[in-house]
Amino acid sequence: MTKTAVITAGTGGIGLETALGLAAAGFAVTVVGRDAGRGAAAVERINATQPARPGRFLAADLASLDQVRALADRMADDHATTGEPLTVLVNNVGAMFARRQDRDGVEASFLVNHLSPYLLTELLLPTLTAGAPSRIVNVTSGAVAVAKRVFEEVEPPGGYYGFHWYGRAKLANLAYTLDLAARLEATGVSVLAADPGGAATDMTDGTLTDPRIVSPSLRLLWPLVRRTFERSTSGPASAAARPSIVAATDPALTGRTGVVIGPRARPVAPFRAATDPRLVQAVRRLSQAHAPTTAATGA
Ligand SMILES: NC(=O)c1ccc[n+]([C@@H]2O[C@H](COP(=O)([O-])OP(=O)(O)OC[C@H]3O[C@@H](n4cnc5c(N)ncnc54)[C@H](OP(=O)(O)O)[C@@H]3O)[C@@H](O)[C@H]2O)c1
């Protein structure tokens with residue numbers, strides 16, 4: 001039986017290394033990204049790794065919930081037509097913005113790091129359940145530790161600090177990951193989180209050199225904070241992909257769910273705040289309100 005894997009933001013950085021690792025493990029791999037040129041280059045590398053199972057590129061801007069819906073429709077149709085299971089979904093897309101941005105009125109870090117993978121996952125649950133045993137791997141970050149734990153609205157009160165807002169969106173996604181794992185207990189769909197630690201990639205190139213990315217209190221310690229950022233993001237993306245590859249493939253994880261794979265590619269305790277029932281409830285409400293699984297059709 002063919003094993004298939006879809007990796008979002010899989011044409012560069014940690015996502016491409018994850019795709020290559022899954023191709024080497026025998027998966028037929030689909031990578032999702034915005035740029036067709038980078039998509040073609042990624043497929044070429046996947047095919048060089050695994051000629052027996054050609055790679056595939058699907059174009060989608062995952063900062064657009066309409067494009068997320070179209071992508072989910074396309075993937076669900078493809079699996080229904082071919083009868084191949086969707087074995088692994090790696091929600092690898094993530095973004096950090098030094099300056100506040102929004103798309104269609106929704107703040108971009110919450111959109112890209114949480115609402116987009118949330119919506120793709122929810123829309124693909126019937127496909128993942130039909131293909132069980134299957135795994136969902138959501139890529140998290142150590143930045144969850146600096147998150148403002150307020151989830152009444154998409155945007156927390158106070159000023160915009162990109163690193164903290166990124167961490168808050170990743171915390172929402174981690175809370176969702178653990179909540180979903182409990183929801184899908186006994187369905188054969190395992191839900192895991194993977195923390196890559198850090199790597200030198202497009203996402204970290206430039207953003208982490210701007211002191212405006214952190215709160216005024218951390219800015220007072222900027223030389224130290226900057227050195228910490230530099231040290232933690234100096235490694236190769238190939239090493240940072242290990243936690244996602246292990247989460248997607250390790251036979252020791254078979255039948256286990258709600259597990260967080262840490263930067264050393266071993267299970268670690270989940271960040272405690274992500275299991276707080278009030279936080280989980282607030283994230284659930286926000287996600288359903290801002291990324292409904294049925295698109296508004298207009299009057
Ligand atoms: N790097 C780190 O130190 C670090 C640390 C902790 C966690 N993480 C997490 O690890 C994951 C991967 O990070 P990374 O550093 O590899 O990121 P990255 O360098 O930004 O990844 C590049 C990939 O993301 C794609 N991409 C970016 N925005 C997209 C969008 N809106 N729609 C579709 N594709 C998009 C790019 O495709 P195009 O070329 O088509 O734009 C490319 O394939 C993220 O979830 C990140 O939060 C990273």
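Predicted model: local features only at pLDDT ≥ 70, side-chain atom pairs only at ≥ 80, totals over all residues.
Biologist: Leaving aside its neighbours within four places in sequence, which residues is Pro 117 in contact with?

Modeller: Pro 117 touches Asn 91, Val 93, Leu 111, Val 112 and Asn 173, once its neighbours within four places in sequence are set aside. Contact here means heavy atoms within 4.5 Å. Residues are numbered from 1 along each chain as its sequence is written, and side-chain values use heavy atoms, with hydrogens and water left out.

Biologist: OK. Where does Pro 117 sit, and is Pro 117 buried or exposed?

Modeller: Pro 117 is in helix 4. Helices (H or I, at least four residues) and strands (E, at least two) are DSSP runs, numbered from the N terminus. Pro 117 is buried, with a relative accessible area of 4%. Buried means under 20% relative accessible area, exposed over 50% and partly exposed in between, with a 1.4 Å probe and protein chains only. The C-alpha atoms of Pro 117 and Asn 138 are separated by 7.9 Å, and these two residues are 21 apart along the chain.

Biologist: What about Thr 121, which residues does Thr 121 contact?

Modeller: Thr 121 is in helix 4 as well, which covers residues 108-130. Leaving aside its neighbours within four places in sequence, Thr 121 is in contact with Leu 89, Asn 91, Ile 136, Asn 138, Tyr 176 and Leu 180. Its relative accessible area is 0%, so Thr 121 counts as buried.

Biologist: Let's zoom out. How many helices and strands does the protein have?

Modeller: There are 10 helices and 10 strands. The radius of gyration is 18 Å, close to the 19 Å that the globule rule gives for 299 residues, so the protein is as compact as a globular protein of that length. That radius is taken over C-alpha atoms, and the globule rule is 2.2 Å times the number of residues to the power 0.38. Along its principal axes, the C-alpha trace spans about 55 × 45 × 35 Å. Of the 299 residues, 53% count as buried.

Biologist: And what order do the strands take in the open sheet?

Modeller: The open sheet has 8 strands in the order 3-2-1-4-7-8-9-10, with mixed pairing. Strand 3 (56-59) and strand 10 (267-268) are at the edges with a single partner strand each, so one side of each is left without a neighbour in the sheet. Two strands pair if DSSP finds at least two bridges between them.

Biologist: How many bridges join strand 7 to strand 8?

Modeller: 6 bridges join strand 7 (residues 134-139) to strand 8 (residues 189-194), and the two run parallel. Ser 134 stands opposite Val 189 in strand 8. Strand 1 (residues 4-8) is also parallel to strand 2, with 5 bridges between them. In that pair, Ala 5 is opposite Val 29 in strand 2.

Biologist: Which residues of strand 2 are on each side?

Modeller: Ala 28, Thr 30 and Val 32 are on one side, with Val 29, Val 31 and Gly 33 on the other, and all are buried.

Biologist: Switching to helix 9, how many of its residues are buried?

Modeller: 6 of the 8 residues of helix 9 (residues 242-249) are buried, so helix 9 is largely enclosed by the rest of the structure. Those are Pro 243, Ser 244, Ile 245, Val 246, Ala 247 and Ala 248. They pack against several elements, including helix 1 (13-24), strand 4 (88-91) and strand 9 (259-261).
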